[in-house]
Amino acid sequence: MRSRRISFLRGKLSRLSPNVDSFLVLLLAASLAASSGCRQQGEYYGKTEPSSGNVFRFNNGAEPEYVDPALIVGQLDGRIASLLFEGLTNTDPKTLAQIPGVAERWDISPDGLNYKFYLRTNAKWSDGRPLTAKDFVYSWTRVLAPLTVSRYASHLYHLVNGEEFNQGRISDPSLLGIRALDDYTLEVRLRQPTPYFLFLTSFVTLFPVPSHIVEKHGVRWTAPENIVGNGPFLLSEHQSHARFEFVPNPRYWNRDKVRLDRIIAYSVDDNYTSANMYESGMVDWLPSYFPAEYVPHLKSFRDFASTPYLANYYYSFNVNKPPLDNPLVRRALSLAVNRRAITDDLLRGGQIPGAHFVPLGFPNYQSPPAEEYNPQEAVRLLAEAGYPGGQGFPEIEILFNTLESHKKIAESIQQMWIENLNIHVTLRNEEWASYLKSLTNLEYQIARSGWIGDYPDPTTFLDLMESTNGNNHTGWKNSEYDRLTMLARQETDAGKRMEILQRSEAILMYQAPVMPIYTSASNSLLKPYIRGFFPNSLDHYPLNEVWIDQQWSRDQPSGGEVR
Amino acid sequence: MTKFILRRIVISIPVIFLVATTTFFILRLAPGGPFLSERAIPPEIQANLQAKYGLDQPLLVQYGRYLSSLLRLDLGPSYKYPERTVNDIIREGFPVSLQLGLAALVIALLLGIPAGVFAAVKHRAVLDRLTMSVVMLGISLPTFVVGPMLIFVFSLTLYWFPPALWGEPSQLVLPAITLALPYSVYIARLTRTEMLEILDQDYIRTARAKGAGEFRVLWRHALNGGLLPVVSFLGPAVADLTTGSIVIEKIFAIPGLGRFFVESAFSRDYTTVMGTVLFYSVLLIGANLVVDILYRVLDPRIEYR
Amino acid sequence: MKIRVASIPQLAPDPVISSLSPRAVVWSRLSRDPWMMTCAIALGAVLLSTILAPWIAPYPYDQIELRLGASAPSWNHWMGTDTLGRDLLSRCFYGGQISIAVGVVGTLVSLVIGVLYGSISGYRGGRTDELMMRFVDLLYSLPYLFLVIILLVFFSSSILMLFVALGLVQWLTMARIVRGQVLSLKNAEFIQAARVSGTNDIGILFRHLLPNMAGPIVVYATLTVPSVILQEAFLSFLGLGVQPPRSSWGTLISDGAGVMGLFPWLVFFPAIALAVVLFALNFLGDGLRDALDPRQRHD
């Protein structure tokens, strides 16, 4: 495939050469020919020799903003913190079930409001101090304390008085729904049954932090020389904007299961560079950090994996701005978008097209059937709304934040609307901060949006569109939708709860304040000699039990060199 | 000389003050703030965040605080990475950029001076044109083409050098060459022009007439004078190398200050942006001063101009 | 990439040459040189193709054909298509318009500011000159590109902003050159004569001084255009250049550079176009300088 392209290029060059400087042509042609000649598609992408020693290296995508679990927002920050700390529970990467972490076992009251966690007595901080229920009381109170300014404090709003305490309406921490009954028993009281609460206890925000270290060093407590954790690994080195290095924590209660001797997490934010690092064998794992344009090419390699994951990509309509205040117009626009062309022809990255707001992959939830691509119906709806053949339809504008893939999607949707509906569509592109400002202030007509689920329950998406939700940037308010959302919160029966949620999603689809486009896919590259990795829809990859199969390369006839 | 240096330093102070003031107000006027995030933050938390960094104060109060901490050489905490200060970030990033810049400068001199001398000696001959053409390629292709091209050939095909990161000598090679190329072009052009003039002068003709070997003439007589403009080029070159390294640091994932700057500008990390701009201003003013001093030492005539 | 040309010949006016019409002299020198002519023709060809883009481009520059994706050069698409299936040849034509416009306008901005500033400084002389030149020296030691980046990041990167920002970076050197010229010219006899005959300062500046400094100004401007074009490319690489669906050579190249291994044509063709223009402009600039330089007259 490649060689054919190159030979064509050569032909092209010789035709061009009269008015091009010959040195340039020679140099470029030579380098292209040389490099392409040697690169053939192998079974695996790039080098496949494991590094010497039990070292696992991956690119973490950027410099994390925080290491402190209470302050973390980003996924990549979470990867670092999950190596250093461990919550009450863990999420099993294979089944997504909650398995014991610091808590050995737990009891839940029948009304779903009261949790008792029994902590294991052999859980210790890495400096030898025992880890007790008081540490959790301290850590969770710290997350909720207004001055900590934790951006994910809302995960603890489920506790009795959590929200009130965080917003300063209550200042006595003893009123919070968390209490240490003794050193190894923790009692948690919730304000409403929260079926996914055990998942939250495995989430970074709810990790314990060492009070004695935090109080002693202040903001500097996460520096490599100060930090103390309770997770499977210890931070041994941190080079800003370059790398983190970890070694096993000898005091981790499950130390026997940890098989790696070292982990290196690079903070490389350029996707092209990142892909080069993988190809040349500098890293063993790339969680999504390679250019989207590479994906169609990478699909043929065995070390490439694509799994749908709990995130969606959608366009928000500002329902306050005519003509988008008319649900018929919104539905017409939605019907005129060929989602499959976007995912299969444009993105080609394993995304799953669909007009449902809740992404695929939630256990026990099925979205109601969504309307398919139907340009005729779209034209009809638009006519019904008073714009037959697109006549009299005002110019509309799509806002997106500066990023190549957003640009491409916006450009193709622009074309689909122009072609199918005969309307005028313009694009506006804003840099991240300005874009967010426009979005929050509703200074847009149509805006690119996306959401990544925080926990494996559809409400992590459906709650967004509640009229009071701070992330509902559409101006859409629907009392029936709000009522159903509230109802789902009180419902303890799992089956009935899912029915309620389906009903609310159906309203969302019919009213169309948002135009969902696809369920995201998590694409990754993983060297074939890595073991103990399990793909899942949460994009959750604990490294505790990962190991390197040194045997693997020796079994290869050509000494591991595939090319 | 001391007076000259002192005067220059005194003049520089208002400039630095001006830079600090301009960047401060430009940043505050710009839309968006450092604590915006896609996920809505409850207004109470947002207010706490603003208060924590004093952003709820009147602008002039903020400005006053900023200036007073500057006097203590304290650039404040980074808004994006609150667990570190801007001083930390510069301390970590600048040595990396400096090493990269110096390595590139050495390579640029090693490539540029011989090429320029060679072209001058072969003046008007085909070899002159050829040398200058090859050299000119260095500025006809942007570094972000040359960089990936070198990576493609030397890292991903030949596996000679790592394609990214920093720390080992082998990781210095590709980025330093990429960064050096355009500068070697300028040095080659300067050297050529200057050598052409000098080779025409009487003392060179005399030396030649006396039967001194061509190499000796070049080395002992001509090159000494021919390098003066190259020295004056080094001042701006320091500036160029530091800003030019932004691209290189991005392509090769090098944890240098240039990359931190761009990243902090995009994420509206006010303190880091202001800190790096100020730091670079001081650096450039210093570099220019050093060059001026060097120039005076090398060329005594300059005082009389 | 900030590129400054450090050594610009501070030309002494040459009465002999100027009386023989400098344009004719320069032209005869350049036209005798086949290298220069090649450069000029190549430059002309590329310029023409970008100017004629609306008529000769085979497709609209923003016509998307998703199904096509990034396809290799073929009969329908001579330079292939980009990842959205847009025709690269057409995008190169239109991209050239922007790149060259940015180069030329950026240079003009620097020219206007630089010439005004430099001539006032040089003509006034004395304390004003000293102050104005100190100011330029000081501005030289600012991390300019950093300020440009800040401006573009914080106040959205429109084309207008790009023009202004890039022009602002370049005017310093121009001011220095012009000032040097004015200093050396202002005591020349013909200026004295004009002054005695009652021409005011502005008249002297525009009618007598400027025409006599055209040479070095043109040389420097020729060399500034490519460096502005490169700076635009540099800003494009950082995502601060021209915004979609428009594109410059810089954005085309930076989009293509990353996928060099998969779709080499995406970087190859725009890079060639850019390189030809930069190469030719630099060569022509150098050639012009040599041709104008009285020191070279003897050969």
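This is a predicted model: local features need pLDDT of at least 70, side-chain atom pairs count only at pLDDT 80 or more; totals for chains, interfaces and linings use all residues.
Residues are numbered from 1 along each chain as its sequence is written, while chains are lettered from A and ligands numbered from 1 in the order in which they are written.

**Confidence**
- The predictor gives the complex an ipTM of 0.81 and a pTM of 0.81.
- Chain C has a mean pLDDT of 79, with 88% of its residues at 70 or more.
- Helices (H or I, at least four residues) and strands (E, at least two) are DSSP runs, numbered from the N terminus.

**The four-stranded sheet of chain A**
- Four strands of chain A form an open sheet in the order S4-S5-S7-S6, with antiparallel pairing; two strands pair if DSSP finds at least two bridges between them.
- At the edges are strand S4 (103-108) and strand S6 (178-182) of chain A, each pairing on one side only.
- S6(A) meets strand S7 (residues 185-189) of chain A in the antiparallel sense over four bridges, and Arg179(A) has Glu187(A) in S7(A) as its bridge partner.
- Helix H4 (residues 133-144) of chain A lies across strand S5 (114-119), S6 and S7 of chain A, and runs at about 170 degrees to S6(A). Here axes are lines fitted to C-alpha atoms, for helices over the stretch in contact, and angles run from 0 to 180 degrees between N-to-C directions.

**Strands S8 to S10 of chain A**
- Six bridges join strand S8 (residues 233-239) and strand S9 (residues 243-248) of chain A in the antiparallel sense.
- Their hairpin has three residues between the strands, and His241(A) takes a positive phi near 60 degrees there.
- S9(A) also pairs in the antiparallel sense with strand S10 (residues 262-266) of chain A, over four bridges; Glu245(A) has Ile264(A) in S10(A) as its bridge partner.

**Where chain A touches chain B**
- The contact takes 41 residues from chain A and 45 residues from chain B.
- On the chain A side, the largest share, six residues, comes from H2(A).

Technical notes. Two residues are in contact if their C-beta atoms, placed from the backbone, lie within 7 Å. pLDDT is the predictor's confidence in each residue, from 0 to 100.
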